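Here's a quick briefing to read alongside the model. Keep the viewer open and follow along.

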Amino acid sequence: SGQPWELERSNMFTSEYDISFDSLWELQEQMFMLESNGFEPVEFTGVDVSATIDEEVQQYTIRDVRAGVRRLTSARRLHVRPGDVVKLRVTLEPLEGTDDRVVNLSVKVPRGMRGSGTLMIRGGNLYGGSFFCYFSQNCKDELGNEIDSFDELVAALENSSANNEVRALLTSGRRGRVKASDSEALDHVVAGRKRVRLFIGK
């Protein structure tokens, strides 16, 4: 459209090898999606990056997930009803240090949902790739919503999940469409994932 545009985003990264290299993947991926988008031609007039490096590896790993409607359990299969609120207690183990951190999340089963679904409890996308959109073909954000314009692509990239979030995503269907979600941002990168299978009755 010829109008100026700007994408602003912050994130956290950890690396076992070279943080100066591994932290560039997301920026590279997002710039390539913007450059190759099929909605409208774009021109980059500048890229500004500000970074802070800490020698201590600030990372949690998802160690345990308890889930339930009335009582929390370690079971990986739950029977629920439409409208139920599934409560989650996520235990995170620090890579350095001794004290675990506990995060409480909750996801409501949509009233029109039937059959089965999967609760994915995960950390961030450590090397980018929360979703892909090239040449405007089959573009969807990480929640499965259609991206129909360049402005929507910029917004989706800005708002995609950060590596320091722990997220719970309720998905269903062959394409894994997200039906409900919850998240919490932390002061460390979060790695790992767990799954809980939901069987939805009447």
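A residue is called buried under 20% relative accessible area, exposed over 50%, and partly exposed in between, using a 1.4 Å probe and protein chains only. At 48% relative accessibility, then, Glu35 counts as partly exposed. Bear in mind that this is a predicted model: local features need pLDDT of at least 70 and side-chain atom pairs count only at pLDDT 80 or more, while totals for chains, interfaces and linings use all residues. Residues are numbered from 1 along each chain as its sequence is written, and side-chain values use heavy atoms, with hydrogens and water left out.

**Around Glu35**
- Glu35 sits in helix α2; helices here are DSSP runs of H or I with at least four residues, strands are runs of E with at least two, and both are numbered from the N terminus.
- Leaving aside neighbours within four places in sequence, Glu35 is in contact (heavy atoms within 4.5 Å) with Val42 and Phe44.
- Glu35 and Tyr134 are 99 residues apart in sequence, yet 8.9 Å apart in space, C-alpha to C-alpha.

**The nonpolar cores**
- A nonpolar core is a set of buried Ala, Val, Leu, Ile, Met, Phe, Trp, Tyr and Cys residues joined through side-chain atoms within 4.5 Å.
- The largest one has 27 residues, and Val86, Leu88, Leu119, Ile121, Val166 and Leu198 touch the most other members.
- Strands that each supply at least two residues of this core include β1 (59–68), β3 (85–94) and β9 (193–200).
- Once neighbours within four places in sequence are set aside, the contacts of Val86 include Ala67, Leu78, Leu105, Leu119 and Leu198.
- There's also a second, separate core of 11 residues, with Ile147, Phe150, Val154 and Leu157 among them.

- Strands pair if DSSP finds at least two bridges between them; β6 and β7 (residues 177–185) run antiparallel and are joined by eight.
- Glu165 stands opposite Ala185 in β7.
- Four residues lie between the two strands, and Gly173 in this hairpin takes a positive phi near 85°.
- Thr171 belongs to β6 and, at 18% relative accessibility, counts as buried.
- Beyond four places in sequence, Thr171 is in contact with residues including Met113, Gly117 and Val178.
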